[in-house]
Amino acid sequence: MAVEDGKKLRDHGLQSERLLWPTKGPGVFEQEVAAMEQAVGLTTLEKAVAWAQTKSMWPDTFGLACCAIEMMSIVSSRHDIARFGMEAFRASPRQADLLIVSGRVVHKMAAPIRQVYDQMLEPKWVIAMGACASSGGMFNNYTTLQGVDKILAVDVHVPGCPPRPEALMEGIVRLHEKVMAGVPPAYEIRGVAS
Ligand code: SF4
């Protein structure tokens with residue numbers, strides 16, 4: 001509850017004996033309570049928004065190579081990403097806010113991936129799944145981009161070749177923790193995309 005200028009807590013309906021004393025206040029205690037309530041109210045609102053974002057983070061339907069098979073299995077009953085409200089993989093980037101780059105990125109695919117990313121609305125997040133998406137993996141050659149973070153701002157890297165579905169789930173949980181902690185998306189930190 002925010003206390004307006006010139007008003008006392010009793011004007012907002014608080015009825016303790018101390019506050020109803022007409023010739024007193026606002027005392028130090030009263031001011032501290034008002035400041036605390038204001039701070040708690042703002043914090044709660046921010047946390048509620050972050051919580052809602054983590055419980056409806058819809059991934060884009062996007063698979064590149066072998067890692068994509070592991071990614072697909074997270075919607076199965078065994079791993080059940082529906083626990084996080086994330087089972088709705090979207091066919092349109094305009095309805096998605098999480099891009100899971102699952103597999104090696106060849107140079108030919110860099111422009112389409114960037115286009116998909118640019119079509120996603122903000123806030124949006126990116127997970128680089130597997131060694132290839134994170135660093136090029138074993139494909140240290142002229143065809144393969146040596147890490148998707150050269151063209152996108154990546155929030156979480158998931159190691160492995162391929163990472164098991166549990167590892168991807170771990171990456172998703174880590175991403176949720178970042179959002180809940182108030183860490184801005186990677187594109188804001190790195191300033192490479194919007
Ligand atoms: S990290 Fe391994 S499993 Fe994933 S795309 Fe590369 S080679 Fe395939």
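How many of the 194 residues of the protein chain count as buried? The share is 31%, where buried means that 20 or more other C-beta atoms lie within 10 Å of a residue's own, exposed means 12 or fewer, and partly exposed covers the range in between, with C-beta atoms placed from the backbone.

## Ground rules

This is a predicted model, in which local features need pLDDT of at least 70 and side-chain atom pairs count only at pLDDT 80 or more, while totals for chains, interfaces and linings use all residues. Residues are numbered from 1 along each chain as its sequence is written.

## Overall layout

The protein chain has seven helices and three strands. Read from the N terminus, its elements follow the order α-α-α-β-α-β-α-β-α-α. Helices (H or I, at least four residues) and strands (E, at least two) are DSSP runs, numbered from the N terminus.

Contacts across the sequence are worth a look too. Among contacts in the protein chain with a separation of 6 or more, 76% are between residues 24 or more positions apart; a contact here means C-beta atoms, placed from the backbone, within 7 Å.

## The sheet

Three strands form an open sheet in the order β1-β2-β3, with parallel pairing. Strands pair if DSSP finds at least two bridges between them. β1 and β3 are the edge strands, each pairing on one side only. On average, neighbouring strands of the sheet are turned by 20° against each other, direction ignored. For such angles, axes are lines fitted to C-alpha atoms, for helices over the stretch in contact, and values run from 0 to 180 degrees between N-to-C directions.

Five bridges join β1 to β2, and leucine 99 has valine 126 in β2 as its bridge partner. β2 and β3 pair over three bridges, with alanine 128 partnered by histidine 157 in β3. Helix α6 packs on this sheet and touches β2 and β3, its direction making about 165° with that of β3.

Not counting residues up to four places away in sequence, valine 126 touches Leu99, Val101, Leu152, Ala153, Val154, Asp155 and Ala186.

Tyrosine 187 sits in helix α7 and counts as buried, with 20 C-beta neighbours inside 10 Å.

## Around the ligand

Which residues surround the ligand? They are Ala65, Cys66, Cys67, Gly103, Arg104, Gly130, Ala131, Cys132, Gly137, Cys161 and Pro162. α3 (66-72) and α5 (130-135) each supply at least two residues of this shell, and the largest share, three residues, comes from α5.

By type, the shell divides into seven nonpolar, three polar and one charged. Ala, Val, Leu, Ile, Met, Phe, Trp, Tyr, Cys and Pro count as nonpolar, Asp, Glu, Lys and Arg as charged, and the others, Gly among them, as polar.

## Backbone details to check

Most residues other than glycine have a negative phi, and most peptide bonds are trans. A cis peptide bond joins cysteine 161 and proline 162, with omega about -15°; proline 162 lies in the loop between β3 and α6 and belongs to the ligand shell. The bond from glutamate 122 to proline 123 is also cis, with omega near 0°, and proline 123 is found in the loop between α4 and β2.

Aspartate 80, in the loop between α3 and β1, has a positive phi near 55°. Aspartate 80 is partly exposed, with 13 other C-beta atoms within 10 Å.

Notes. Near = placed C-beta within 6 Å. Contact = placed C-beta atoms within 7 Å.
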